[in-house]
Amino acid sequence: MATPPPIRAPVGARLIAPSETDLSRCVRCGLCLQHCPTYLATGLETESPRGRLYLMRALAEGVAQPTANAVGHLDQCLQCRNCEAVCPSGVPYGRVMEAARAQVLAGGRAPLSWRLRALFLRQVIARPGRLALVAAALRLYRACGLRAVAERIPVLRDRVLFAPTVAGRPFRRTGVIARPQGAVQRRVALLTGCIMPLAYGRVHEATARVLALNGCEVTAPAEQVCCGALHAHNGDRETAAALARRNVDAFLAAGADAVVVNSAGCGAAMKEYGALLAEEPDYAEKARRLAETVRDVHEFLADLPFAPPASGPELTVTYQDSCHLAHAQGIAGAPRLILAAIPGLRLLEMAHADRCCGSAGVYSLTQPQMSLRLLDEKMREIAATGAAVIATANPGCMSQLEAGARRHGLRVRVAHAVELLDEAYRDSGAGV
Amino acid sequence: MARRNLIRELQSACGKKWVLHAPEDLLVYEYDGTIERGMPEAVVLPDSAEQVAAAVRIARRHGVAVTARGAGTGLSGGAIPCDGGVVIATPRLNRILELDPENRRAVVEPGVVNLDISVAAAAYGLYYAPDPSSQKACTIGGNVAENAGGPHCLRYGATTNHILGLEIVTADGEIVQAGGETGEAPGYDLTGVLVGSEGTLAIITKAVVRLLPRPESIITLLAIFDEVNQASRAVSAIIAAGIVPAALEMMDKYTMQAVEAAVHAGYPPDAGAVLLIEVEGLAEETAEESRAVQEVCRDLGARELRIGLSPEDRERLWAGRKGALGALGRLAPSYYILDGVVPRTRLPAVLDGVYAACERYGFRVANVFHAGDGNLHPNVLFDERVPGATERVLDLGGEIMRLCVDAGGSITGEHGVGYEKRNYMSWIFSEDDMEVMARLKAAFGAEERLNPGKVFPTSKGCGEVSSRMRAAIARAGPDAYI
Amino acid sequence: MVTQASVLQQLAAIAGPEHAGPPQAEEYAVDGLPPSAVVRPGSYEQAAEVLRYANSERLAVIPRGAGTLMALGNVPRAYDIALCLSRLDEIVEHEPADLTVTCQAGISLGRLREHLAAAGQMAPLDPTLPAQATAGGVLAANAYGPYRLAYGTARDFTIGMRVATADGRITRAGGRVVKNVAGYDLCKLYIGSLGTLGVILEATFKVRPRPREEGELAFALPGAADACGVAAEAERRGLSVAAAQVLNPAAAQALGLSAGAAIVLVLNLAGTPAAVARSAREIAALAAERGGRAATSPPQAGAQHPPEADPPPAGAGAPTGDSRAVVGWLSVLPSRVPEAMAAIEASAADARTSAYPTAGVLRVRCTTGDGGETLRRLREAAREAGGRLVIESCAPALKRDLDVFGDPPAAFELMRRVKQQFDPNGILSPGRYVGRL
Ligand SMILES: Cc1cc2nc3c(=O)[nH]c(=O)nc-3n(C[C@H](O)[C@H](O)[C@H](O)COP(=O)(O)OP(=O)(O)OC[C@H]3O[C@@H](n4cnc5c(N)ncnc54)[C@H](O)[C@@H]3O)c2cc1C
Ligand code: SF4
Ligand code: SF4
């Protein structure tokens with residue numbers, strides 16, 4: 001009889017190693033396997049949730065070392081948390097993976113690529129000025145036609161595909177950004193985020209209009225910063241915590257009824273602020289309080305409930321679940337409810353709508369091969385619906401699906417679900 | 001050196017990418033759904049029967065054992081390579097090769113996930129009947145090897161009743177067709193003995209499975225009882241009333257608590273047990289049978305009855321049952337699942353005995369099981385990190401098995417003997433009985449070359465191998481072996 | 001030196017003088033070959049001891065029950081002892097609420113049926129088999145009839161056995177509970193092995209409640225495809241069909257279901273009264289759609305048994321008295337049943353064919369005036385329809401020149417090794433099985 005040795009007591013703070021309780025929660029039933037995109041793509045236990053959990057446990061115990069091979073398996077994980085959503089045992093997979101990555105990064109034996117990634121996230125993504133420069137470069141890259149050329153050159157094609165699309169007017173507004181025509185029923189604060197205002201400013205504009213139409217006064221607190229999701233996902237919990245503290249202060253100061261987030265990844269991260277800062281005496285309570293007010297925009301609208309638009313353009317739409325909305329936040333019904341409420345819109349479900357498109361934060365950049373594979377499969381399933389619009393709920397997904405449409409020569413538009421609602425309101429002649 | 005050659009040869013037979021040998025990679029093939037461990041020397045993921053045969057021949061030449069692995073959801077340690085050696089994993093053999101609605105059969109590769117057959121057959125109004133609770137994950141190869149059952153076995157029988165033929169790779173690395181072209185074929189029923197042989201006779205590379213038409217009407221009933229005893233008496237009473245439902249499942253208090261936390265099925269927190277009963281057939285039959293079942297349950301003190309008619313309602317009633325086992329992870333870090341069978345009439349008495357034994361040992365137990373078949377699944381909840389707990393749980397498991405055997409039952413109803421229960425085999429089979437089984441193994445030339453250390457009592461333990469390998473990894477660090 | 005006298009003496013010592021002796025009549029001959037001794041053990045131990053003795057002396061043993069199914073199999077290579085199990089005829093255990101029954105191998109189906117009927121139950125060993133056939137014999141021959149449609153065959157409901165091995169040990173396979181996966185499922189191996197791997201002493205079956213309502217329908221239809229179509233559609237809809245047979249004109253005629261040149265579909269219904277009534281209505285409509293009309297069957301004693309479509313059920317190849325008669329079966333994919341029926345008729349003009357359409361099994365009876373020629377043609381026809389003709393009974397003279405099971409199956413080498421392991425001295429029904437094992 002072999003019983004595994006007990007997991008060693010975690011070294012240092014709970015933040016930088018998965019907790020024993022979390023790890024031992026996996027009973028290896030395998031019910032998550034068929035929901036994991038990387039397992040489905042490879043058939044390898046090493047690329048499965050169960051395998052990764054076991055490996056992370058071995059890393060925590062010191063039974064396995066963070067070799068290039070071992071961390072490669074962690075790297076291949078999309079952190080889509082589909083496994084977490086279906087796990088009957090309630091394994092908090094997302095939390096475990098973040099902690100395991102933190103442990104590797106803190107252990108001093110992390111591969112160079114991990115350290116560079118952390119550096120980039122810390123020094124660029126978390127710094128609005130530097131990020132704006134990168135965005136400007138990307139904007140130019142697309143606008144001058146270089147992208148179109150690069151994506152047609154066979155050797156470059158796959159490599160450049162995932163450079164994010166930056167187009168349209170950036171969103172720079174702060175303070176009160178929208179008011180209802182009538183009485184203010186609710187005051188909400190909008191998380192504007194890091195990349196979203198640069199790449200998809202239009203989504204913020206649409207969100208603000210939609211909220212205002214539904215009786216909300218919308219504020220964008222000027223002091224807010226990047227939510228820190230990408231940092232946490234990649235093992236840099238220190239930066240994530242630092243950003244979280246600033247956001248807690250900024251949003252609590254705004255004193256809104258709810259913090260509305262239109263990026264699924266950011267929403268999921270903010271809802272977890274309580275856990276992230278749980279061990280910081282000054283912040284634990286505040287973070288928990290704030291986290292309780294965080295709402296995804298779809299969730300918020302569905303709960304209001306929102307006013308159904310009177311009319312809308314004829315459209316066929318397929319909805320791609322954003323992982324961090326469907327799996328991390330457990331919200332799959334609300335976006336569909338919103339789409340279904342739009343007159344003239346026909347919702348055509350694709351197969352495996354809740355399977356990751358391969359975007360997954362910076363995944364498409366760090367694991368382009370797997371990302372492409374998932375994207376290709378996704379585009380086939382989308383094409384099969386014949387829909388003219390792909391709706392989704394997260395900027396990363398939008399960018400990825402746009403890239404997929406270009407790659408597959410598919411003439412579909414990619415939109416945030418809220419944008420479609422906004423258009424329907426405008427179609428009905430409702431204005432702010 | 002020898003290992004290096006073994007791996008090279010496997011790589012040239014199956015492709016480099018599909019042979020795993022790094023320590024961290026092998027590590028995740030040392031488990032299945034049980035608490036056992038055993039690490040292989042190499043893992044190979046073949047893409048065809050020919051590659052399976054080649055891998056078997058290579059392993060044979062190197063004098064190492066071969067263990068087949070499906071999804072690793074097994075609950076008897078079956079897929080754990082007790083003797084190291086090569087694990088042949090089937091996830092890439094996951095094609096449905098043929099779906100023949102007219103003859104109601106499908107030809108599938110062993111790595112096909114159970115539920116996927118029904119999904120594919122749904123277009124023709126057909127489905128594959130055996131439905132282990134793990135059906136979203138487990139493979140047909142694993143099902144065939146374990147003769148997996150499921151809630152609907154009560155009416156439709158277990159895997160063995162739904163397999164028409166098999167293609168196998170023998171221990172000598174030969175591909176052999178065992179039945180399957182037509183319904184009946186002259187000759188010994190090799191398919192029949194291969195089903196349930198736990199990977200010790202041959203490796204399955206194809207299965208011909210039977211498909212059934214979907215019943216016209218299905219009614220699901222949930223009967224809630226204050227006491228376990230009432231529920232188990234209701235089970236016998238339903239059968240005695242001449243009704244054989246399609247499924248007749250029971251969950252007790254702890255199970256309901258776990259399930260409630262996982263899927264919010266709406267079970268009352270203070271209930272002692274629920275029965276989940278499904279009747280299927282023509283609308284006329286189900287209406288009549290569901291009325292009769294309700295009557296029996298009420299007579300035996302059911303305090304509430306819920307009825308599911310629409311697919312959504314039925315799904316909701318079932319959701320709790322299907323996720324029950326996994327959900328137990330919410331109650332304790334580890335559980336030890338037993339799989340005893342007793343004659344239906346002995347159910348109330350044996351169940352009382354199980355609770356009493358667990359109490360004596362000081363462990364909580366959650367029962368979730370196929371009551372209609374008398375197939376018990378006591379899940380003993382414990383914490384494997386507490387020194388000595390595992391040993392005591394195993395002792396308790398032995399006592400519970402003894403209860404089942406003494407009641408005229410068996411040590412396993414669907415999970416297989418595997419590694420865990422091999423030492424209980426002698427409780428139900430004599431030396432002679434097992435010697436005959438050994439002859440069958442000899443006829444297949446399998447001796448100790450396929451999945452060694454399983455099914456039959458031996459003194460060798462999986463654990464020794466695993467600790468040795470683990471120690472080797474810790475010592476050698478990164479590229480431990482190659 | 002083993003002589004008949006020494007064998008008899010030994011057997012008498014084991015089973016008692018009144019239960020061992022030389023064969024009294026032709027009755028014990030197999031394919032014309034008489035044994036030197038007959039023994040009727042009164043206990044499992046005695047049966048095992050007979051085998052122990054035979055094994056040590058390399059004497060050929062052929063187990064038998066009531067002898068109704070002895071025609072099946074190749075001509076034995078040798079035959080010293082007829083091991084007759086008729087004295088082992090008790091019900092060992094029957095707990096109605098457990099839905100299981102354990103009985104000794106020599107019990108007749110008639111008695112078993114009666115016993116279970118008293119509890120409102122039935123063992124699905126096909127109710128059409130002759131009442132005197134024994135449980136053990138039915139298992140060894142894997143005999144079944146049209147009720148396999150609803151209840152499956154013995155392999156589907158036999159859950160345990162006691163078997164005496166060739167070297168005379170009493171062993172157990174399976175158990176007495178309805179669900180059990182401990183150890184190899186050797187029951188499957190023994191079922192249909194025709195007494196070549198061991199001697200079945202006892203068996204445990206799953207039983208089921210008797211249906212509350214039964215009924216029988218017969219339709220004359222234009223062609224076999226129509227008849228098969230009706231049966232398939234009825235099964236698809238889940239109607240209460242327990243047995244189905246498609247009869248060619250000759251077979252229908254022999255049953256008194258005279259329908260001219262038409263194919264006859266006979267269906268037996270079982271279920272709740274409401275379900276049976278609705279099924280009968282829907283089936284009549286289905287048949288009408290395909291140009292069918294009701295065919296009247298002769299009055300039956302109790303509607304629950306389907307007409308014994310001559311020939312008797314598969315495996316039940318009792319000697320027919322007619323030395324030119326050939327009885328056989330073949331199994332094809334269900335979709336090819338009409339094709340197989342046509343091919344059979346083309347090769348043997350007087351063939352009476354009855355098919356179990358959704359199982360793809362066809363049973364044939366014809367006469368061969370031309371030596372083996374008709375048989376050869378029938379075999380060819382079976383092959384073309386993707387099946388294999390197994391001859392259940394024919395004249396021993398014809399049998400000698402052929403393997404009644406046809407060409408060895410793909411896995412024959414494995415089967416040979418199984419036989420070699422289970423009966424290394426080759427004493428059990430030697431030469432009778434597939435490939436003359
Ligand atoms: C949550 C949960 C619920 C479950 N519910 C049920 C249930 O209701 N009923 C039930 O019967 N079981 C149940 N099980 C047990 C398990 O799912 C079954 O035993 C299943 O058949 C195992 O399939 P697998 O693909 O995971 O096989 P594995 O665990 O990978 O292997 C099981 C055995 O099969 C052998 N094997 C696998 N593939 C092949 C092959 N191609 N050729 C030869 N041998 C092979 C292996 O060597 C091993 O001995 C459950 C398990 C879990 C975790
Ligand atoms: S579903 Fe949960 S408990 Fe089961 S293997 Fe996956 S992570 Fe572990
Ligand atoms: S997070 Fe997604 S990719 Fe990672 S293990 Fe879970 S399901 Fe697989």
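Visitor: Which residue of chain C forms a salt bridge with D432(B)?
Guide: D432(B) pairs with R169(C), and their closest N and O atoms are 3.0 Å apart; a salt bridge here means a side-chain nitrogen of Lys or Arg within 4 Å of a carboxyl oxygen of Asp or Glu.

Visitor: And where do these numbers come from?
Guide: This is a predicted model, in which local features need pLDDT of at least 70 and side-chain atom pairs count only at pLDDT 80 or more, while totals for chains, interfaces and linings use all residues. Residues are numbered from 1 along each chain as its sequence is written, chains are lettered from A and ligands numbered from 1 in the order in which they are written, and side-chain values use heavy atoms, with hydrogens and water left out.

Visitor: Back to chains C and B, then: how many salt bridges are there across that interface?
Guide: The rule finds 12 salt bridges between chain C and chain B. There are also 29 residue pairs in polar contact, both residues being at pLDDT 80 or more; such a contact is a pair of N or O atoms within 3.5 Å, where within protein one must be able to donate a hydrogen and the other to accept it, and residues adjacent in sequence count only if both atoms are side-chain atoms.

Visitor: Which elements of chain C supply at least two residues of the side that touches chain B?
Guide: Among them are α8 (224–236), α10 (273–289), β16 (325–331) and α14 (412–422) of chain C, where helices (H or I, at least four residues) and strands (E, at least two) are DSSP runs, numbered from the N terminus. The most comes from α14(C), which gives seven residues. Sorted by class, this side of chain C has 37 nonpolar, 17 polar and 19 charged residues; Ala, Val, Leu, Ile, Met, Phe, Trp, Tyr, Cys and Pro count as nonpolar, Asp, Glu, Lys and Arg as charged, and the others, Gly among them, as polar.

Visitor: How much area is buried between chain C and chain B?
Guide: About 6200 Å² is buried there, and carbon and sulfur atoms give 58% of it; buried area is the accessible area (1.4 Å probe) that two parts lose on being put together, summed over both. Three residues, K179(C), V181(C) and Y184(C), supply 16% of the area that chain C buries against chain B, more than any other three residues.

Visitor: So what about chain A, which residues meet chain B and how many?
Guide: On that side, 40 residues of chain A are in contact with 46 residues of chain B, contact meaning heavy atoms within 4.5 Å. The area buried between chain A and chain B is about 3700 Å², and the count of salt bridges is three. In one salt bridge, E45(A) pairs with R69(B), with the closest N and O atoms 3.9 Å apart.

Visitor: How far apart are the nearest C-alpha atoms of chain A and chain C?
Guide: They are 20 Å apart, and chain A and chain C do not touch. Of the two pairs of chains in contact, it is chains B and C that share the most contacts.

Visitor: New topic: between which chains does ligand 1 lie?
Guide: Ligand 1 lies between chains A and B, where 36 residues surround it, the closest being A68(B), G70(B), T73(B), S134(B) and T139(B); a residue is near a molecule if one of its heavy atoms lies within 4 Å of it. A polar side-chain atom of S134(B) is 2.6 Å from an oxygen atom of ligand 1, and for a polar side-chain atom of T73(B) the distance to an oxygen atom of the ligand is 2.7 Å.

Visitor: Which residues come nearest to ligand 3?
Guide: Of the 13 residues around ligand 3, C36(A), R52(A), C77(A), C80(A) and C83(A) come nearest. The elements that give two or more residues to this shell are α2, α3 and α5 (82–86) of chain A, and the shell divides into eight nonpolar, three polar and two charged residues.

Visitor: And around ligand 2, which residues are there?
Guide: The residues around ligand 2 include C26(A), R28(A), C29(A), C32(A) and C87(A). R28(A) lies in the loop between α1 and α2 of chain A, and its phi is near 60 degrees, a positive value in a residue other than glycine.

Visitor: Where is P305(A)?
Guide: P305(A) is in the loop between α18 (297–303) and β6 (315–319) of chain A, and the peptide bond from L304(A) to P305(A) is cis, with omega near -5 degrees. Most peptide bonds are trans.
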